[in-house]
Amino acid sequence: MSAAEDANIARHLRLMAADRPDAPALKVPRGRTAAGDIDYLALSFRELAAEADAWTARLEAAGVRRGDRTLVMVRAGLPLIAAVFGLFQLGAVPVVIDPGMGLKSFLACVARSRPRALVGIPMARLVRLLFRGPFHTVGITVPASGSLTARLVEPSASSNFKSQISPSSATDLAAILFTSGSTGAPKGVRYEHGMFAAQVRLIHEKYGIQPGEVDLPMLPIFALFNPALGMTTVVPEIDPSRPATVDPAKIVQAIRQEKVTNSFGSPTLWAKISTHCQAQGITLPSLRRVLCAGAPVPASLWESSAAWLPGGQLHSPYGATESLPVATISAAEQGRLSSDASPGPGTCLGRPVPEISVKIIALTDGPIASLAEARELPAGEIGEIIAAGPVVTKEYDALPEATAGAKIRGTDGTVWHRIGDCGTLDGTGRLWFCGRKVERVETAKATFFTEPCERVFRRHPRVTRCALIGLGERGRQEPALVVESKAWGQEAETLARELLLLGVASPTTVGIRKFYFYPAFPVDVRHNAKIHRLTLARWAAGRASFPGEP
């Protein structure tokens with residue numbers, strides 16, 4: 001295989017080390033200066049490439065070989081980026097599992113992925129000893145420091161790298177990344193090197209990202225794209241296992257101090273940052289774009305973004321772990337839609353990005369083997385969203401039934417991914433989100449979708465978050481609404497009657513007549529934005545609702 005044909009994602013870091021050796025590649029917080037500024041460990045692209053090279057040598061010396069699945073249990077920051085690129089260079093396959101999904105789910109993911117090696121901090125190595133069963137395939141353990149800033153080589157390390165990058169084709173397995181499991185068990189997604197390359201290309205082209213920009217990624221895995229994009233990575237002061245506990249003041253300080261131009265985070269995190277900025281009268285002039293994803297962006301965040309983003313714009317890319325990006329929308333386009341008289345069928349996701357095809361097919365819960373078996377719906381009808389393109393993954397790892405349920409083969413061999421969302425395409429080609437397919441509510445007479453219903457009730461000044469649920473068996477369900485609120489007694493009764501009046505005034509929600517109040521919604525750990533509606537439905541079953549009988 002020639003160098004031109006090599007698709008190994010690791011080559012991008014070496015290219016940056018050659019083209020921009022002294023440009024900053026990574027900044028990791030390690031405390032505060034006497035003046036109160038954030039003190040960073042800073043590495044150039046040459047130094048970061050040297051770290052990855054040292055990791056490659058360390059892994060190879062331990063016995064890790066090309067193709068070996070290697071569970072990566074290190075902290076976000078230097079160890080994560082350097083170890084993963086070290087594995088890429090070796091041709092090994094990093095297995096990355098969300099640390100916040102809970103021990104039971106985590107161990108199930110480990111057992112199913114069958115790693116041969118483990119790169120782990122002391123706590124990870126202790127977990128392996130305590131739970132030997134799921135780790136029984138691990139024959140090699142490579143210790144990693146628990147520090148975010150631990151480095152293997154001196155700053156003066158030579159740029160004459162000793163490790164060769166293992167050549168990889170576009171279809172070679174590059175990594176196994178796990179879904180968040182927000183509406184089911186987490187699943188390992190098989191990423192090929194060509195898929196990573198396509199993601200880098202589409203993200204670069206769609207958002208106009210330029211080398212020399214500065215990124216603050218609030219989802220650690222997104223930092224792995226930055227060497228290919230030529231961006232400096234500023235590691236945020238955030239606990240990846242509990243992102244909702246972030247102190248927005250620390251994020252704002254990092255953005256202003258390091259003149260961050262790009263950042264990715266969930267609507268929940270950016271809502272906290274927005275609230276902080278507005279309360280303190282702060283703007284973030286260096287930011288050119290904020291990518292906000294993981295759940296629909298609330299109207300209040302779209303509207304407030306102009307106040308604290310004077311030189312940039314909020315964008316919401318749409319997709320999934322199995323296919324990203326699929327579509328995207330900007331604050332400017334969202335503003336034009338908001339000024340329209342018609343509110344639209346749900347949340348607008350924008351238009352599909354270049355090279356991505358999107359179709360809406362009739363709802364069905366069973367597998368669809370070929371595209372010929374699916375019934376494509378015309379513009380305006382709500383169905384299931386499917387997508388195809390170079391970023392769409394082909395299968396789950398060791399889950400043939402899940403793969404059969406989520407993938408559809410086109411007549412030309414193209415793999416279409418069933419994203420699991422309901423939506424529609426309008427007459428102009430814009431994609432609209434109407435809710436998760438598994439969370440739709442089907443009565444004997446109608447189907448209710450979460451997003452169109454919930455936004456009706458979010459108009460109430462006391463409702464920030466709410467969740468449509470179905471009581472009973474699908475096909476004979478009764479729709480109900482759970483509101484995130486501590487209201488109880490007469491207060492809850494009054495609020496429920498106000499919501500009932502709001503609901504009956506809309507044809508979308510006229511059938512919703514039961515209301516429940518839950519103090520703090522269960523949400524996914526990764527984005528802290530996806531509501532666990534099925535959990536709320538189980539909680540509400542058998543409980544008395546509001547309003548009560550008159």
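User: Which residues line the second largest cavity?
Analyst: In this predicted model, the second largest cavity is lined by I9, F88, L177, F196, I221, L224 and F225.

User: What classes do the residues of that lining fall into, nonpolar, polar or charged?
Analyst: The lining of the second largest cavity has seven nonpolar residues, with no polar and no charged ones.

User: And what volume does the second largest cavity have?
Analyst: About 80 Å³.

User: How many cavities are there in the whole structure?
Analyst: A search for cavities of 30 Å³ or more finds four. The largest cavity holds about 170 Å³ of space.

User: What lines the largest cavity?
Analyst: Its lining has 16 residues, and I203, F222, N262, F264 and L291 lie nearest the centre of the largest cavity. Helix or strand elements giving two or more residues to this lining are α6 (193-207), β9 (214-217), α7 (226-229), β11 (262-265) and β14 (323-330).

User: How does the lining of the largest cavity divide by class?
Analyst: Into 13 nonpolar residues, two polar and one charged.

User: Switching to salt bridges. How many are there?
Analyst: The count comes to 32 salt bridges. One of them pairs R14 with D53, with the closest N and O atoms 3.0 Å apart.

User: Where do R14 and D53 sit in the chain?
Analyst: R14 is in helix α1 (residues 11-19) and D53 is in helix α2 (residues 45-62). The two are 39 residues apart, and the pair links distant parts of the chain.

User: Are R14 and D53 buried or exposed?
Analyst: Both R14 and D53 are buried.

User: What does K394 pair with?
Analyst: K394 forms a salt bridge with E192, and their closest N and O atoms are 3.3 Å apart.

User: What about R430, which residue does its side chain meet?
Analyst: The side chain of R430 meets that of D426 in a salt bridge, at 3.0 Å from N to O. R430 and D426 are both buried.

Conventions:
Residues numbered from 1 in each chain as written. Predicted model: local features only at pLDDT ≥ 70, side-chain atom pairs only at ≥ 80, totals over all residues. Heavy atoms only, no water. Salt bridge = Lys/Arg side-chain N within 4 Å of Asp/Glu carboxyl O. Helix = DSSP H or I, 4+ residues; strand = E, 2+ residues; numbered from the N terminus. Buried < 20%, exposed > 50% of the residue type's maximum accessible area, 1.4 Å probe, protein only. 1 Å grid on protein atoms, 1.4 Å probe; cavity = no way out; pocket = protein on both sides within 12 Å on 5 of 7 lines; lining within 4 Å. Points joined across faces, edges and corners; volume = space filled by probe spheres on them. Nonpolar A, V, L, I, M, F, W, Y, C, P; charged D, E, K, R; others polar.
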